[in-house]
Amino acid sequence: MNAQSTSALPIIDLDVFRSASPQEVKSAADELLAALKTIGFVYIKNHGIPQPLVDEAFSWSARFFSLPLSEKMKAPHPPEGWHHRGYSSPGREKVTHQVFDQDSLASLRQKAPDAKESFDIGREDDARMRNVWPPEDVMPGFRGFFAKFYRRCFELEDDILSAIATCLDLDSGYFHRFHAGRENQLRLLCYPEVDAGRLQRGEVERIGAHTDYGTMTFLFQDDVGGLEVEDPNNKGIFKPVPSIPGTVVLNIGDFLQRWSNDILKSTMHRVGVPPELAGARRDTAGAAGVLRPRYSIPYFVGTDGHVTVDCIPGCYGPDRPKRYEPVNAREYIDLRANAAY
Ligand SMILES: O=C(O)CCC(=O)C(=O)O
Ligand SMILES: [Fe+2]
């Protein structure tokens, strides 16, 4: 990987946190903290979700999105943005960053709609936000698979929350108390073929620059490329986060930034034209400049709705005053989700 042209994120070995000596844990924790403090993104290897299971998730996703629209619409995302479940057709969602007034949102949607479709899944026993599944005869086995995959992601979430607490010198179970309700969101994303020139000119976006608004996110991505993170030293400059086989990308969300009083960074990121396009790699951008579809699977770790997110001990004091007002987790998430629909 060329450090000049990529974000050069470190690859953190999660196995070290599970079983290594205290000195090895300390050194991995220091490396993790350094990355989360500067850019808020790292790759995680030995994450514990077997590769065949990840491959299977991508193949279910591709099969679902290749269904005719009328079939996908049998599991429609409800009209309310906060009820983040089921299928959103292209153009339905527009991701923005901290824009809330209706006129501005409408004009951003018109200027550059998001060229993507998505399917959102939560825990099966959530009475407030029910899952919206396609009927079993439309996709036999889809629901069973993703209910299982969601549980596997939850195990990974547990391990990563422990690692982050360790690197902040907190008890390793510190953050678990805010996540007992498993209010997470597994999202299948498909960015259909798109004209590279239109994407480059900003006439359409795959997903525009934003921060993630929960605790943290981990993201599985295919090898099409296009994910970019803002360079912390050069605002407005975005660096590629290419796919590295066997790893998952971890990024800090707004709540960990708020809990840590800006020690951990919730960084702007987006999906644009893959860097290879400059060299017009034929398999990514064909002669007509058409980008292959991109598939990704983020898992957004949500904070339990009743939690008040406030600065944690050790992250504030007389020389580092609190930078954020306490906020109720559900209100903040609903506010940002509603702005996108
Ligand atoms: O598709 C991707 O790689 C990024 C998706 C993303 O940032 C999001 O859904 O919040
Ligand atoms: Fe994101």
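A residue counts as buried when its relative accessible area is under 20%. Arg-258 has a value of 15%, so this arginine counts as buried. Keep that cut-off handy as you look around this structure, which is a predicted model.

**Helix H6 and its partner H3**

- On the H3 side, the contact uses Leu-53, Val-54, Glu-56, Ala-57, Trp-60, Ser-61 and Phe-64.
- On the H6 side, you'll find Phe-142, Phe-145, Phe-146, Lys-148, Phe-149 and Arg-152.
- Sort the residues of this H3 and H6 contact by type and you get nine nonpolar, one polar and three charged.

**Helix H6 and its partner H2**

- H2 brings Val-25, Ala-29, Leu-32, Leu-33 and Leu-36 to the contact, and H6 answers with Ala-163, Ile-164, Thr-166 and Cys-167.
- The tally for the H2 and H6 contact is eight nonpolar, one polar and no charged residues.

**The nonpolar cores**

- The largest nonpolar core has 75 residues, and the members touching the most others are Phe-119, Phe-146, Phe-149, Ile-164, Phe-175 and Phe-220.
- What does Phe-175 touch, leaving aside its neighbours within four places in sequence? Its contacts are Leu-161, Ile-164, Ala-165, Leu-168, Leu-170, Leu-256, Trp-259 and Ile-312.
- There's also a second, separate core of 15 residues, with Ile-39, Tyr-43, Leu-189 and Leu-227 among them.

- Ile-160 is part of helix H6, and its relative accessibility of 2% makes it buried.
- Beyond its neighbours within four places in sequence, Ile-160 is in contact with Leu-14, Ile-44, Met-216, Phe-218 and Leu-250.
- Take Phe-218 from that list: 58 residues separate it from Ile-160 in sequence, and their C-alpha atoms are 9.7 Å apart in space.
- Arg-258, the residue from the opening, sits in helix H8.
- Setting aside neighbours within four places in sequence, Arg-258 is in contact with Val-309, Cys-311, Tyr-324, Glu-325, Val-327 and Tyr-332.
- Pro-22 is 236 residues from Arg-258 along the chain, and 28 Å separate their C-alpha atoms.

**Two asparagines with positive phi**

- Asn-46 isn't a glycine, yet its phi is positive, at about 50 degrees.
- You'll find Asn-46 in the loop between strand S2 (41-45) and H3, where it is partly exposed with a relative accessible area of 37%.
- Asn-261 is another residue other than glycine with a positive phi, near 55 degrees.
- The loop holding Asn-261 runs between helix H8 (254-259) and strand S12 (269-271).
- Is Asn-261 buried or exposed? At 0% relative accessibility, Asn-261 counts as buried.

- Asn-338 belongs to helix H9, residues 329-339, and is partly exposed at 34% relative accessible area.
- Which residues does Asn-338 contact, apart from neighbours within four places in sequence? They are Glu-80, Gly-81 and Trp-82.
- Asn-338 and Trp-82 are 256 residues apart in sequence, and the distance between their C-alpha atoms is 5.4 Å.
- Pro-135 lies in the loop between strand S4 (117-121) and H6, and its 31% relative accessibility makes it partly exposed.
- Pro-135 is 42 residues from Glu-93 in sequence, with 23 Å between their C-alpha atoms.

Notes: Residues are numbered from 1 along each chain as its sequence is written. Chains are lettered from A and ligands numbered from 1 in the order in which they are written. This is a predicted model: local features need pLDDT of at least 70, side-chain atom pairs count only at pLDDT 80 or more; totals for chains, interfaces and linings use all residues. Side-chain values use heavy atoms; hydrogens and water are left out. Contact means heavy atoms within 4.5 Å. Helices (H or I, at least four residues) and strands (E, at least two) are DSSP runs, numbered from the N terminus. Ala, Val, Leu, Ile, Met, Phe, Trp, Tyr, Cys and Pro count as nonpolar, Asp, Glu, Lys and Arg as charged, and the others, Gly among them, as polar. A nonpolar core is a set of buried Ala, Val, Leu, Ile, Met, Phe, Trp, Tyr and Cys residues joined through side-chain atoms within 4.5 Å. Buried means under 20% relative accessible area, exposed over 50%, partly exposed in between (1.4 Å probe, protein chains only).
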